[in-house]
Amino acid sequence: MFYLRRRSPVRKLLGAGHSGQVFLIQTPEKSIARKVFFEDKLANLVHYFFFGVPNPYVWNEDILNCAYYRRKIITKLVPFWFESQLKVSNAISRGWNEEFKAYQLDTEFIEGRHVSLRQPYRHQSQELQELVHSIMIPLQQYLIQAGLDGLVWQAGKGSPSALNNFLLQEDASGEYFFVWIDLESGVPALFPLNILTLFSFYLPQSFKNRGPLFDDVDINRLKQYINKNHIALEKKVGNQQYLELLEHIDYLEYHQKKWKSLKRFHRSLQYHLQKGYITQQQANWYSRYRLYWYGRELKRIFSQFIKTLFIYLPKKIFIKFKQIRFKSFFQQFWKFLFSHRYRLKMARIYVEKRIKKWQKRKQITSEAAKDLSANLYSENSSAYLNDFGVHIGIKGFITLFDYVLIPILYSFGAINEIMSLTWLVIDGPIYRTIYTSFRSIQAVKKRQEIPWIALLVGLLPSVGTLAYPCQMIYSAAINQDKVAQFIVYDFFTRIGAKIPIWGGKDTLTEHFFNGWADQIIYWLGGRKRNLNIPVEK
């Protein structure tokens, strides 16, 4: 049944991706994961190029129905393929969300977690290997056999960001299994990380479908697959469920044909009508005079560009600049220069925040977080942690210099393009080397350990901030410092999380960089170990 959905008073934002934001809706009967589709700015550019409108899940009823019935179909096929190893978050209902002016899809809420990252208290985990090699890669093959070609993007074929579409859940007996929670794409499947996958699969399929794959289903191949396996399928799911499967395929075929038959012009018109930007009377008029519609759209796009460039952007910069408390900044900077206690405090605050982030993501337990915090305030970690605080402060100062002073100097002609780019690369290593050299001289005079690892790592652009955590690990090769290990894990993991398109939290990209942190930690401790990070095909 299709119906309008009113705003729910009890909800919690669980997360957001390129296609929508997901809320936890608490009802007296059960918990629901409500996916409200939205317009991601980066994804919009891609959708405008290929479809002439933003994400169709936001405004088109037929493609929303396709998403609903695809989940119904996949929910019945997955047990046939994987037994109890994999489940799917089944669709419950769908409708229009008046608050967000967009369509929504209600699915089963899954109480689970993403696969484990490596961290000081867990250097190895088979969860990632099992998910990629036992679930995702076989799933991609099954989907292609069944004609569900558009779904392989969300299953991870060439897309490292698809890893976070799966959760790990435990049953009452303590056994765990995986759940596929996100089946709707945010962008057309034309941007795989593996370029060979683009030419071997996605481009041929796009030519076959006369457009880029966007959760498309080859209905004829799907029907052939169901017919070929009907005896085994009916035995697995039962006669009633099998008949429902056939019915859902017919519904999917109907709505997919309606969505695919919609021309680019009518998509644009329906989008603006659905969002309330034009009335039905205006839509009828523009449908007869298309040139006026194209002129209106060109004028709107040009006007939006001018406003963004000359009004919104300068206003945003001014507000940000106005929010800077210069007096407080210089007071803190003065304390940072001359107070050992203040520098140590800043370093500890920074690490505490990162510990809480990992705990919130369920990547470290509360016991591990308490142990890290206790080690953070021990005397053993204080010496080099203070120096780490200095490097963090230097990084903040450099960032301010790079984004404020260098553009000013360049605009006045004091420096040229080559000088600007060169300075952006070498300024961090220079400041870190000066400081660490001074600390090394002090160590020689006091006959203490010379921080030569920190000196070498500090010469590296970007990752040089890890100089003293690396020194801490090296200096405690036998009983490696958990705090220092955590800082290294956190730093590299954040690199993977910040990479656009293919990166993000709980992606294969994040796990790849997390594995490099593991390698560095073991190398500094005098041992080597295999990364063993699975690569998607």
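The structure holds 1 cavity of 30 Å³ or more. The model is predicted, so local features need pLDDT of at least 70 and side-chain atom pairs pLDDT 80 or more, while totals for chains, interfaces and linings use all residues. Residues are numbered from 1 along each chain as its sequence is written, and side-chain values use heavy atoms, without hydrogens or water.

A cavity is a set of points on a 1 Å grid over the protein atoms alone where a 1.4 Å probe fits but cannot get out; lining residues have an atom within 4 Å of a point. The largest cavity has a volume of about 50 Å³, taken as the space filled by probe spheres set on the points. Its lining includes Tyr57, Arg70, Asp215, Asp216 and Trp259. The lining divides into 5 nonpolar, 1 polar and 4 charged residues.

The largest nonpolar core has 72 residues. Such a core joins buried Ala, Val, Leu, Ile, Met, Phe, Trp, Tyr and Cys through side-chain atoms within 4.5 Å; buried means under 20% relative accessible area with a 1.4 Å probe, protein chains only. Trp81, Leu148 and Trp180 are among the residues with the most contacts inside this core. Leaving aside neighbours within four places in sequence, Leu148 is in contact (heavy atoms within 4.5 Å) with Ile74, Leu77, Trp81, Leu143, Asp216 and Val217. A second, separate core of 37 residues includes Ile355 and Phe486.

Ile355 is also one of the buried residues of α13. Lys362 follows α13 and has a positive phi, near 65°.

Technical notes:
Buried < 20%, exposed > 50% of the residue type's maximum accessible area, 1.4 Å probe, protein only. 1 Å grid on protein atoms, 1.4 Å probe; cavity = no way out; pocket = protein on both sides within 12 Å on 5 of 7 lines; lining within 4 Å. Nonpolar A, V, L, I, M, F, W, Y, C, P; charged D, E, K, R; others polar. Helix = DSSP H or I, 4+ residues; strand = E, 2+ residues; numbered from the N terminus.
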